[in-house]
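Open the model in your viewer and switch to cartoon. Have the selection tool ready.

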Amino acid sequence: MPRESYVQGLVQRRVKYRIDLGAPTTLRRWIAEEFPQLAKWLEERWDAKLCPLPQPPSLGLLLINWRGGHLLADVSICAPVSHPAPPDVAFDVYFKRVDVCVEPIAPVAEPVEYVTLQIPSVKQFGRITLREGYAVVKHRGLLFVTSAFCEPEARGGVLLKVGKYPCFTYRVGEAFRLIKRVLERRR
């Protein structure tokens with residue numbers, strides 16, 4: 001079972017999972033043979049769906065279920081290699097330990113649909129802040145950004161619409177720049 005810790009990421013905190021390998025192996029072999037088991041474990045741990053990306057060190061997009069919509073996180077190898085893309089030869093070197101990080105990203109694709117929730121007020125709903133088409137959500141100690149907007153409900157309260165996403169490919173740098181821009185508006 002991987003060891004879990006919260007560490008500083010590229011934009012904010014991220015969750016790091018340290019996996020000690022029984023015998024030295026290459027990252028290419030570990031991704032092909034061992035990562036599918038970790039992917040299943042991550043899906044269960046986060047109540048999410050992992051969309052694999054064939055662009056190491058990025059391993060996939062984690063679509064975390066939240067109130068019927070999705071929060072997005074990048075799943076990447078963060079040690080012994082990390083972003084930006086390392087040389088291809090790095091994946092053929094033998095290692096004894098691999099660190100995989102889950103770090104929130106902003107949505108760089110349009111949602112497939114919006115899930116509508118009727119709530120008494122945004123603040124009573126949980127740790128959420130709305131700003132210009134996005135919701136900043138505190139979930140499991142991390143700040144996530146998802147597409148969202150709200151409108152008043154005629155019977156009282158608020159209608160909150162939260163984005164639900166399909167699997168999609170993305171450029172990690174673009175997703176991190178967007179989440180940084182949205183989060184910096186809080187200051």
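This tour goes from a sheet to a helix and then to a hairpin.

This is a predicted model, where local features need pLDDT of at least 70, side-chain atom pairs count only at pLDDT 80 or more, and totals for chains, interfaces and linings use all residues. Residues are numbered from 1 along each chain as its sequence is written, and side-chain values use heavy atoms, with hydrogens and water left out.

Select the open sheet of 6 strands, with order 1-2-6-5-4-3 and antiparallel pairing. Strands are DSSP runs of E, at least two residues, and helices are runs of H or I, at least four, both numbered from the N terminus. Two strands pair if DSSP finds at least two bridges between them. Strand 1 (3-8) and strand 3 (48-55) are at the edges with a single partner strand each, so one side of each lacks a neighbour in the sheet.

Next, pick strand 2 (residues 13-26). Its antiparallel pairing with strand 6 runs over 8 bridges. Show Asp20: it stands opposite Arg97 in strand 6.

**The helix.** Now select helix 4 (residues 172-184), which has 13 residues. Color Val172, Ala175, Phe176, Leu178, Ile179, Val182 and Leu183, the buried residues of helix 4. Buried means under 20% relative accessible area, with a 1.4 Å probe and protein chains only. An α-helix has 3.6 residues a turn, so residues three or four places apart point the same way.

**The hairpin.** Finish at strand 8 and strand 9, which are antiparallel and joined by 4 bridges. Their hairpin has 2 residues between the strands, and Glu132 takes a positive phi near 40°. Show Arg131 too: its bridge partner in strand 9 is Tyr134.

Methods. The expected span of a helix is 1.5 Å times one less than its number of residues. Buried means under 20% relative accessible area, exposed over 50%, partly exposed in between (1.4 Å probe, protein chains only).
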